[in-house]
2 protein chains.
Amino acid sequence: MKHLTEIEKAYIAGFLDGDGSINVQIVRRKDYILKFQIRFTITFFQKTTRYWFLVFLQKKLKTGTLKKRNDGVSELCLVGWQTVKLFLLAFKPYIRLKRRQAVLLLKIIDKLPQSKDPQSFLNLCELVDQIAFLNDSKKRIIDSAVVRSELGLDNYFKSP
Amino acid sequence: MKHLTEIEKAYIAGFLDGDGSINVQIVRRKDYILKFQIRFTITFFQKTTRYWFLVFLQKKLKTGTLKKRNDGVSELCLVGWQTVKLFLLAFKPYIRLKRRQAVLLLKIIDKLPQSKDPQSFLNLCELVDQIAFLNDSKKRIIDSAVVRSELGLDNYFKSP
């Protein structure tokens, strides 16, 4: 993101704070040993009538995927820990309203390499749970309790 | 607005583009000779749980009135042509998504002094009508047709 000026970064951070989302979710993945994946996303929203603005943002950021939803809203979406980490490192100094989300995602991303076993992965999922409180999340999501149960870690407290 | 850095202005403009409003409305005023007033507003919105952010914006801008609405959303509102003009002149270079609104309001504000007679006031109200198209306005508003009718200018085309 070194191609962007400070002013461009400040503008984009302001727009993200106003009408964007910094999110991390637990998603089910049948092909994964640990059954779940932690997915990181930065999303910019806009009415499809002003799609040009998301194209402009995509050109500025030189990354992200555009999507026209069928409800008249379009999205520019940055997915994956590498892309999201680069974005957050560049924009964190300018983000204000969603700074706690930015800090949380960076913390989770940093712990990813040490979460190859079920118990450490579950610990990471417990960190993911915190995003729901920060993001006024209303949709049903997979939380750490689901992961604990499906990875057979819920009898942890039942041991003699 | 000279106390703000370029980075602060860019951030605030980004936030306004994302979750704010640049608006001009025709409002009824019984105490006005021309029966109506043209009202200019810049509004920043945020969930009342994050009221601190609007207080932060108010401190930065050194202007605006805070309001807690009863639907869980709060507003920081800049009202009046003087305040709005100062704001728009300072922020127009950074505003992108709502730049046409900014340009329109400045145009209307500049024509205010020459709109003391009914016909020029009506011409100005016709400019105000354009904001509805830019702002995805859904609420019923007083448009220039209402002003034309109530100021007795609607028989203009009926003259022999």
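This is a predicted model: local features need pLDDT of at least 70, side-chain atom pairs count only at pLDDT 80 or more; totals for chains, interfaces and linings use all residues.
The interface between the chains is considered first. In chain A, 18 residues are in contact with 18 residues of chain B. Helix H1 (residues 6-19) of chain A supplies the largest share of the chain A side, 11 residues. By class, the residues on the side of chain A that touches chain B divide into 9 nonpolar, 3 polar and 6 charged.

The largest nonpolar core holds 71 residues. Those that touch the most other members come from both chains: Tyr11(A), Ala13(A), Leu105(A), Val128(A), Tyr11(B), Ala13(B) and Leu105(B). The contacts of Ala13(A) were examined with neighbours within four places in sequence left aside. Within chain A, Ala13(A) is in contact with Phe91(A), Tyr94(A) and Ile95(A).

In chain A, helix H4 (residues 99-111) and helix H5 (residues 118-134) pack at an angle of about 165 degrees. Their axes are 10 Å apart. The angle is over 145 degrees, so H4(A) is roughly antiparallel to H5(A). The crossing of H4(A) past H5(A) is left-handed. H4(A) contributes Arg100(A), Gln101(A), Leu104(A), Lys107(A), Ile108(A) and Lys111(A). These meet Leu124(A), Leu127(A), Val128(A), Gln130(A), Ile131(A) and Leu134(A) of H5(A). The contact of H4(A) with H5(A) has 7 nonpolar, 2 polar and 3 charged residues.

In chain B, helix H3 (residues 81-91) and helix H4 (residues 99-111) pack at about 135 degrees, with their axes 10 Å apart. That angle makes H3(B) oblique to H4(B). H3(B) passes H4(B) in a left-handed crossing. On the H3(B) side, the contact is made by Trp81(B), Val84(B), Lys85(B) and Leu88(B). On the H4(B) side, Ala102(B), Leu105(B), Leu106(B) and Ile109(B) take part. This contact of H3(B) with H4(B) has 7 nonpolar residues, no polar residues and 1 charged residue. Leu105(B), listed above among the core residues that touch the most other members, is one of the H4(B) contact residues.

Ser74(B) lies in strand S4 (residues 73-79) of chain B. Ser74(B) has 21 other C-beta atoms within 10 Å; the cut-off is 20 or more, so the residue counts as buried. Leaving aside neighbours within four places in sequence, Ser74(B) is in contact with Gln46(B), Thr48(B), Tyr51(B), Leu54(B), Leu66(B), Lys67(B), Lys68(B) and Arg69(B). Ser74(B) and Leu124(B) are 50 residues apart in sequence. Their C-alpha atoms are 31 Å apart in space.

Definitions and conventions:
Residues are numbered from 1 along each chain as its sequence is written. Chains are lettered from A and ligands numbered from 1 in the order in which they are written. A nonpolar core is a set of buried Ala, Val, Leu, Ile, Met, Phe, Trp, Tyr and Cys residues joined through C-beta atoms within 7 Å. A residue is buried if 20 or more other C-beta atoms lie within 10 Å of its own, exposed if 12 or fewer, and partly exposed in between; C-beta atoms are placed from the backbone. Two residues are in contact if their C-beta atoms, placed from the backbone, lie within 7 Å. Axes are lines fitted to C-alpha atoms, for helices over the stretch in contact, and angles run from 0 to 180 degrees between N-to-C directions. Helices (H or I, at least four residues) and strands (E, at least two) are DSSP runs, numbered from the N terminus. Angles under 35 degrees count as roughly parallel, over 145 as roughly antiparallel, 65 to 115 as roughly perpendicular and the rest as oblique. A crossing is left-handed if the near helix is turned anticlockwise from the far one by less than a right angle, and right-handed if clockwise. Ala, Val, Leu, Ile, Met, Phe, Trp, Tyr, Cys and Pro count as nonpolar, Asp, Glu, Lys and Arg as charged, and the others, Gly among them, as polar.
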